[in-house]
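Take a look at the sequence and the model below. Then follow the text from one end of the story to the other.

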Amino acid sequence: MGILTRFKDIMSSNINALLDKAEDPEKMIDQCLRNLTSDLGKVKAETAAIMAEEQRAKRVLDDCNEEITKMQSYAVKAIEAGSDEDARKFLEQKASLSNKLSGLQEAYDLSHSNAVRMREMHDKLVSDINELESRKDMIKGKLAVAKTQERMNKMTSSFASANDSIASFSKYEEMADKALDKANAMAELNHSGSDASIKDLTKKYSQNANVEDELAALKASLNK
């Protein structure tokens with residue numbers, strides 16, 4: 001039976017060790033699930049036949065044991081009836097059945113062993129599939145979180161870049177303010193210089209006018 005030849009491989013497989021070595025655990029899980037599901041399908045398909053064979057072998061073995069018991073009982077009855085010849089025939093039949101018994105027992109033991117192994121494989125495969133399904137959900141959840149974190153990192157990087165731009169803008173704004181303050185100061189100085197010049201000229205001509213007025217008044221007083 002093909003599936004039984006893989007009994008050792010299936011029973012010795014270590015899902016966790018396999019996933020730990022995988023470069024892409026999610027892809028590995030998908031592949032393992034496909035393989036295990038295929039194996040489980042074969043196990044289910046053959047388990048019924050193996051269990052039926054076990055039941056048949058057990059029934060044949062029980063029938064043989066029952067016949068041997070009957071032959072023994074009939075031989076006793078024949079002896080009690082005084083018929084050694086009949087007793088001998090029953091005992092010969094018992095011996096023939098006893099010779100078959102070992103073969104029937106061997107056939108039943110083998111079919112029973114196969115049925116036990118099939119049930120062990122079935123339980124192992126179901127357990128591995130459930131574990132993989134659980135690990136798959138966990139890995140997908142972690143990947144989703146990782147992708148979200150990656151987006152957050154990109155957004156944080158964008159914010160940092162924006163902050164750098166704002167900082168640069170503030171620097172340029174400060175430079176512009178300094179330049180404006182300097183220009184205003186220069187304008188104020190220039191404006192102050194113009195006023196001073198005008199005042200000087202006004203004073204000059206004002207002084208000349210006073211002198212002329214005073215000279216004219218002096219001449220008038222002297223009748224000159």
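Buried means under 20% relative accessible area, exposed means over 50%, and partly exposed is in between (1.4 Å probe, protein chains only). Keep those cut-offs in mind for every residue that follows.

This is a predicted model, in which local features need pLDDT of at least 70 and side-chain atom pairs count only at pLDDT 80 or more, while totals for chains, interfaces and linings use all residues. Residues are numbered from 1 along each chain as its sequence is written, and side-chain values use heavy atoms, with hydrogens and water left out.

Start with confidence. The predictor's confidence in each residue is called pLDDT and runs from 0 to 100. The protein averages 77. A score of at least 70 is reached by 68% of the residues. Confidence is lowest in helix H2 (residues 7–12), with a mean of 57. It is highest in H4, at 88.

Next comes the overall plan. Helices (H or I, at least four residues) and strands (E, at least two) are DSSP runs, numbered from the N terminus. The protein has 5 helices and 0 strands. Read from the N terminus, its elements run α-α-α-α-α. Helix H4 covers residues 25–80. Helix H5 covers residues 84–221.

How much of the protein counts as buried? Of its 224 residues, 18% do. The accessible surface comes to about 16,400 Å². Carbon and sulfur atoms own 56% of that surface. These areas come from the Shrake-Rupley method with a 1.4 Å probe, and for residues only the protein chains shown count as cover.

Now look at contacts, meaning heavy atoms within 4.5 Å. Consider those between residues at least 6 apart in sequence. Of these contacts, 82% join residues at least 24 apart.

Gly-41 sits in helix H4. Its relative accessible area is 39%, so Gly-41 is partly exposed. Gly-41 and His-122 are 81 residues apart in sequence. In space, their C-alpha atoms are 9.4 Å apart. The second pair involves His-112, which lies in helix H5. His-112 is partly exposed, at 32%. From His-112 to Glu-53 there are 59 residues in sequence and 8.6 Å in space, C-alpha to C-alpha.

His-112 also has a polar contact. Such a contact is a pair of N or O atoms within 3.5 Å; within protein, one must be able to donate a hydrogen and the other to accept it, and residues adjacent in sequence count only if both atoms are side-chain atoms. Here the side chains of His-112 and Glu-54 are joined by one of 2.5 Å.

Charged side chains come next. Side chains of opposite charge can pair when their charged atoms come close. A salt bridge is a side-chain nitrogen of Lys or Arg within 4 Å of a carboxyl oxygen of Asp or Glu. How many salt bridges does the structure hold? There are 6.

Begin with Lys-70, which is partly exposed at 34%. Lys-70 forms a salt bridge with Glu-66, and the closest N and O atoms are 3.8 Å apart. Both residues lie in helix H4, 4 residues apart, about one turn of the helix. Glu-66 is partly exposed, at 43%. Lys-70 also forms a salt bridge with Glu-67, again with the closest N and O atoms 3.8 Å apart. That pair is 3 residues apart in helix H4, about one turn of the helix. Glu-67 is partly exposed, at 32%.

Arg-88 is partly exposed at 42%. Glu-85 is partly exposed too, at 46%.

Finish with the rings. A pair of aromatic rings is described by the distance of the centres and the angle of the planes. Rings of Phe, Tyr and Trp (its six-membered ring) pair if their centres lie within 6.5 Å; planes under 30 degrees apart count as stacked, over 60 as edge-to-face and the rest as tilted. The whole structure has 1 aromatic pair. The rings are those of Tyr-74 and Phe-90, with centres 5.2 Å apart. Their planes stand at 40°, so the pair is tilted. Tyr-74 lies in helix H4 and Phe-90 in helix H5, so the pair ties together parts that are 16 residues apart in sequence. Tyr-74 is partly exposed at 37%, and Phe-90 is partly exposed at 27%.
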